[in-house]
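This briefing concerns the structure shown below.

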Protein chains: 2
Amino acid sequence: MLYPNNIKKKQISKNISYGNRGMDLEYLINEANNYYLANDIAIIYKRPTPIQINKVSFKNGKPEVIKGLFNQKSTLDYVGIYKGKYIDFDAKKTLNKTSFPLDNIHDHQIKHIKNVINHGGISFLIIEINNGIYLLPGNILIDFISRNFRKSIPYNYIVENGTLIEFGYSPIIDYIQAVDSVYLKKGE
Amino acid sequence: MLYPNNIKKKQISKNISYGNRGMDLEYLINEANNYYLANDIAIIYKRPTPIQINKVSFKNGKPEVIKGLFNQKSTLDYVGIYKGKYIDFDAKKTLNKTSFPLDNIHDHQIKHIKNVINHGGISFLIIEINNGIYLLPGNILIDFISRNFRKSIPYNYIVENGTLIEFGYSPIIDYIQAVDSVYLKKGE
């Protein structure tokens, strides 16, 4: 089965179409974040990649990095605020169709997710698998890891415990709706 | 007057001593953030400087930036969560003793501060001026800018409307105490 039953045919065709146009998950999330910012819905930015700058030169009076290393630990890629809540998440894509390999997430990232939840924030993963995009809440991820010795999360587990992010026109993936339905609508 | 009246002599000598040891404001804030993280008080990280990477090479199998430009807009330097609240702030130092020049803050940063406050977050500046370090709440900054055509905030205005961050042992500047007293103790 390529698609979960609750994706409509229209969404599938859109999905394939966007895939063909080379819109990757990061592009889609940035597009949604720009939409949320422009429409005053949420303020969510991608954290820049941490780079240790070793050498800087100047060109036309402007500083330019000449040597830098990608050797600093990052936390999760996206951070921001929505309806007064601290939001901190990462986006991961797997080409694997049957499961999401856990080596996609570093130990310090798992620790960060736990920390954020303990401090009252919202933390989750957005996972692209099998042509579907799911929000998997951080507590469900942590619970899975603590109760399993498996090295990957089965696809069906993600479908059953995550929330499908539907495709639309603008933004293409309106993931904040999934945040709403998982975190805010129940016991706001 | 070099120091506001409410800084004790002991704090002054500590301050000068730290200054002599070359501990700049960014170092002090990072030290505090590490302390808060290690002691599970708050999760606050410095946002990495956004760099547009133009060329990457590999050395011993590890990617290395060869050319990158510092040409992307950043928001504020620090972001995190404290007692369930979204925190977003910047740290600025001025050598000017009578006022804080507003050209230290970019227009898009002022807009970001407004945005964060409107979405229910906490946003402020930490200003080092005249050997004192102050938390100046974002709403006071915005109010000052909207009611004045001045290009700088007078030192006395910062002393009167900001909150002095006292020096201590560990962390050296326990700025979260100022966050507590300004934002959380009154009407939590």
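In what sense do E3(A) and strand E3 (residues 62-69) of chain B pair, and over how many bridges? The two strands pair in the antiparallel sense, over 4 bridges. The model discussed here is predicted.

**Relation between the chains**

- Chain A is superposed on chain B by a rotation of 180 degrees, with 0.0 Å of shift along the axis and an RMSD of 0.0 Å.
- The two copies are therefore related as by a two-fold rotation axis.
- Of the interface residues of chain A, 100% are also interface residues in chain B, so the copies meet through the same surface.

**Contact between chain A and chain B**

- Chain A gives 25 residues to the contact, and chain B gives 25 residues.
- On the side of chain A that touches chain B, two or more residues come from each of strand E1 (43-46), strand E3 (62-69), strand E4 (78-82) and helix H3 (107-118) of chain A.
- E3(A) provides the largest share of that side, with 7 residues.
- By class, the side of chain A that touches chain B holds 14 nonpolar, 8 polar and 3 charged residues.

**The sheet across the two chains**

- An open sheet is formed by 4 strands in the order E2(A)-E3(A)-E3(B)-E2(B), with antiparallel pairing.
- Strand E2 (52-59) of chain A and strand E2 (52-59) of chain B are the edge strands, each pairing on one side only.
- From one strand to the next, the twist averages 20 degrees.
- In general, strands of a sheet pair through backbone hydrogen bonds, either parallel or antiparallel.

**Strand pairs and bridge partners**

- Within chain A, E2(A) and E3(A) pair in the antiparallel sense over 7 bridges; Val56(A) has Val65(A) in E3(A) as its bridge partner.
- Val65(A) also has a bridge partner in the other chain, namely Gly68(B) in E3(B).
- A further bridge between the chains links Leu69(A) with Glu64(B) in E3(B).
- Within chain B, E2(B) and E3(B) run antiparallel and are joined by 7 bridges; the partner of Lys55(B) is Lys67(B) in E3(B).
- The hairpin of E2(B) and E3(B) has 2 residues between the strands, and Asn60(B) in this hairpin takes a positive phi near 50 degrees.

**Helix packing in chain B**

- Two packed helices are described by the angle between their axes and the distance between the axes.
- For helix H3 (residues 107-118) and helix H4 (residues 138-147) of chain B, the axes come within 10 Å and cross at roughly 125 degrees.
- The crossing in which H3(B) passes H4(B) is left-handed.
- H3(B) meets H4(B) through Ile110(B), Ile113(B), Lys114(B) and Ile117(B).
- The contact of H3(B) with H4(B) comprises 6 nonpolar, 2 polar and 1 charged residues.

Definitions and conventions:
Residues are numbered from 1 along each chain as its sequence is written. Chains are lettered from A and ligands numbered from 1 in the order in which they are written. This is a predicted model: local features need pLDDT of at least 70, side-chain atom pairs count only at pLDDT 80 or more; totals for chains, interfaces and linings use all residues. Two residues are in contact if their C-beta atoms, placed from the backbone, lie within 7 Å. Ala, Val, Leu, Ile, Met, Phe, Trp, Tyr, Cys and Pro count as nonpolar, Asp, Glu, Lys and Arg as charged, and the others, Gly among them, as polar. Two strands pair if DSSP finds at least two bridges between them. Copies are superposed by least squares on the C-alpha atoms of residues with pLDDT of at least 70 in both. Axes are lines fitted to C-alpha atoms, for helices over the stretch in contact, and angles run from 0 to 180 degrees between N-to-C directions. A crossing is left-handed if the near helix is turned anticlockwise from the far one by less than a right angle, and right-handed if clockwise.
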